[in-house]
Amino acid sequence: MGFRPERVEIQVGDSLIFTNEDNFGHNMHSASPGAAFDLGRQAPGTRVPYVYRRAGTFEVFCRIHPKMRLSVVVR
Ligand SMILES: [Cu+2]
């Protein structure tokens, strides 16, 4: 029940693929300006991509598990 790793660095235009390796659902979302999204409920074993189109540092959370936190650095 957490992001692994908790910080990633990618390039503008890269897809970040959220892979749910738990046996319960998650719901990734971000309110960061320039990279706001809500991926909806993500079932176990599924992979959902999100394309970052702006540089910056963005935080991602899970609506179901508020302690989950990911920092995405886009260069
Ligand atoms: Cu979760």
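Where does Gly40 lie? Gly40 sits in the loop between strand 4 (37-38) and strand 5 (47-51). The model is predicted. The protein chain holds zero helices and seven strands.

**Overall build**

- From the N terminus on, the elements of the protein chain read β-β-β-β-β-β-β.
- The C-alpha atoms fill a box of roughly 35 × 20 × 20 Å along the principal axes.
- A compact globule of 75 residues would have a radius of gyration near 11 Å, and the protein chain agrees because its value is 11 Å.
- Buried residues account for 13% of the 75 residues.
- Of the contacts between residues at least 6 apart in sequence, 52% join residues at least 24 apart.

- Strand 6 and strand 7 run antiparallel and are joined by six bridges.
- A hairpin of six residues leads from strand 6 to strand 7.
- Strand 3 (residues 28-30) also runs antiparallel to strand 6, with two bridges between them.
- Strand 3 and strand 4 pair over two bridges, again in the antiparallel sense.
- Strands of a sheet pair through backbone hydrogen bonds, either parallel or antiparallel.

**A row of partners across the sheet**

- Which residue of strand 6 is the bridge partner of His29? That residue is Phe61.
- Phe61 has a further bridge partner in strand 7, Arg69.
- His29 also has a bridge partner in strand 4, namely Asp38.

**Strands 2 and 5**

- Strand 2 (residues 15-19) and strand 5 run antiparallel, joined by five bridges.
- Thr19 stands opposite Arg47 of strand 5.
- How many of the five residues of strand 5 are buried? The count is zero, and strand 5 is hardly covered.

**Nonpolar core**

- The largest nonpolar core has nine residues: Met28, Ala35, Tyr52, Phe58, Val60, Cys62, Leu70, Val72 and Val74.
- Strand 6 (56-62) and strand 7 (69-74) are the elements that give two or more residues to this core.
- In soluble globular proteins, nonpolar side chains tend to be buried together.
- Which residues does Val72 touch, leaving aside those up to four places away in sequence? They are Val8, Ile10, Leu16, Tyr52, Phe58 and Val60.
- Tyr52, Phe58 and Val60 belong to the core.

**Thr57 in strand 6**

- Thr57 is a residue of strand 6.
- Is Thr57 buried or partly exposed? Thr57 counts as partly exposed because 13 C-beta neighbours lie inside 10 Å, while a buried residue needs 20 or more.
- Beyond residues up to four places away in sequence, Thr57 touches Ser71 and Val73.
- Thr57 and Ser15 are 42 residues apart along the chain, and their C-alpha atoms are separated by 15 Å.
- In a regular strand the side chains alternate between the two faces of the sheet.

**Loop residues**

- Gly40 counts as exposed because it has 12 C-beta neighbours inside 10 Å, and the cut-off for exposed is 12 or fewer.
- Gly40 and Arg63 are 23 residues apart along the chain, with 9.1 Å between their C-alpha atoms.
- His65 lies in the loop between strand 6 and strand 7.
- With 15 other C-beta atoms within 10 Å, His65 is partly exposed.
- His65 touches Met1 and His26, not counting residues up to four places away in sequence.
- The C-alpha atoms of His65 and Arg54 are separated by 26 Å, eleven residues apart along the chain.

**A cis peptide bond**

- Pro5 lies in the segment before strand 1.
- The peptide bond from Arg4 to Pro5 is cis, with omega near 0°.
- Most peptide bonds are trans.

Notes. Residues are numbered from 1 along each chain as its sequence is written. This is a predicted model: local features need pLDDT of at least 70, side-chain atom pairs count only at pLDDT 80 or more; totals for chains, interfaces and linings use all residues. A nonpolar core is a set of buried Ala, Val, Leu, Ile, Met, Phe, Trp, Tyr and Cys residues joined through C-beta atoms within 7 Å. Helices (H or I, at least four residues) and strands (E, at least two) are DSSP runs, numbered from the N terminus. Two residues are in contact if their C-beta atoms, placed from the backbone, lie within 7 Å. Two strands pair if DSSP finds at least two bridges between them. The radius of gyration is taken over C-alpha atoms; the globule rule is 2.2 Å times the number of residues to the power 0.38.
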